[in-house]
Amino acid sequence: MTFKEKVNTLISEALQEKPSIFLIDLSISDSFKVSVGLDGDNGVALQDCIDVSRAIENNLDREEQDFSLEVASVGVGSPLKMTRQYKKNIGRTLIVTTNNEKIEAELVEANDVFIILSWEAREPKKVGKGKETVQKEQQIPYTEIKEAIVTVTF
């Protein structure tokens, strides 16, 4: 079993005890710096990161392979990567970049195939001069999304 396979197995075992937490990113550099990114249906607590870190650290032998370890929750500005992340962010505003456009809108639905965004836009009136506010909605398949980031409003 390679070093990466061992780490992956240990993470999987640690996350089985915490079903609301899931792995977003695992990278191991050439110098064996292990970086683990976690997310959760209800967020990720510091204790969750500590528990996963201990599960990895306590089950690997530094005599066999020296390594450094970093376990953290994904940041607020990190792009969404998994369907599960979209589902947990329903009702929040996203900035979604596709091949053709960039949309800032509320995520109103997310399933296993696509998301639906909703927003208000100012468009020219159909009759007469001026503009009117219209409600727009767009369905975007995950395959067309280049990047999606949750916006933070204060």
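Which residue forms a salt bridge with Asp39? In this predicted model, the partner is Lys88, and the closest N and O atoms of the pair are 2.8 Å apart. The legends below describe this contact and further close-up views.

View 1. Lys88 is partly exposed, at a relative accessible area of 28%. Asp39 has a relative accessibility of 8% and therefore counts as buried, the limit for that class being under 20%.

**View 2. The salt bridge between Glu70 and Lys33.** The closest N and O atoms of Glu70 and Lys33 are 3.7 Å apart. Because Glu70 belongs to strand β3 and Lys33 to strand β2 (residues 33-40), the contact ties together parts that are 37 residues apart in sequence. Glu70 is partly exposed, with a relative accessible area of 40%, and Lys33 is likewise partly exposed, with a value of 38%. The structure holds ten salt bridges. Elsewhere, Lys18, Asp48 and Asp51 are linked in a network of such contacts.

**View 3. The open sheet of five strands.** The strand order is β7-β6-β5-β4-β8, and the pairing is antiparallel. Strands β7 (131-141) and β8 (145-150) form the edges, each pairing on one side only. On average, neighbouring strands of this sheet are turned by 40° against each other, direction ignored.

**View 4. Pairing of β5 with β4 and with β6.** Strand β4 (residues 93-98) and strand β5 (residues 102-110) are joined in the antiparallel sense over five bridges. Here Thr97 stands opposite Lys102 of β5. Strand β5 also pairs with strand β6 (residues 114-124), again in the antiparallel sense, over four bridges. Glu109 has Ile116 in β6 as its bridge partner. Three residues lie between β5 and β6, which together form a hairpin.

**View 5. The hairpin of β6 and β7.** Eleven bridges join β6 and β7 in the antiparallel sense. The two strands form a hairpin with six residues between them, and Gly128 in the turn has a positive phi of about 90°. Arg122 has Thr133 in β7 as its bridge partner.

**View 6. The salt bridge between Lys136 and Glu123.** The closest N and O atoms of Lys136 and Glu123 are 3.0 Å apart. Lys136 lies in strand β7 and Glu123 in strand β6, 13 residues apart. Lys136 is partly exposed, with a relative accessible area of 31%. Glu123 is also partly exposed, with a relative accessible area of 27%.

View 7. Val76 is located in the loop between β3 (68-73) and α3 (83-88). With a relative accessibility of 57%, Val76 counts as exposed, since that class begins over 50%.

**View 8. The annotated span of residues 30-76.** An unreviewed UniProt entry annotates residues 30-76 as "domain: Ribosome maturation factor RimP N-terminal". In the model, the end C-alpha atoms of this span lie 28 Å apart. The span is 26% helix and 30% strand.

Terms used:
Residues numbered from 1 in each chain as written. Predicted model: local features only at pLDDT ≥ 70, side-chain atom pairs only at ≥ 80, totals over all residues. Heavy atoms only, no water. Buried < 20%, exposed > 50% of the residue type's maximum accessible area, 1.4 Å probe, protein only. UniProt positions renumbered as here; feature names shortened; annotations may be inferred. Pairing = 2+ DSSP bridges. Axes fitted to C-alpha atoms, helices over the stretch in contact; angles between N-to-C directions. Salt bridge = Lys/Arg side-chain N within 4 Å of Asp/Glu carboxyl O.
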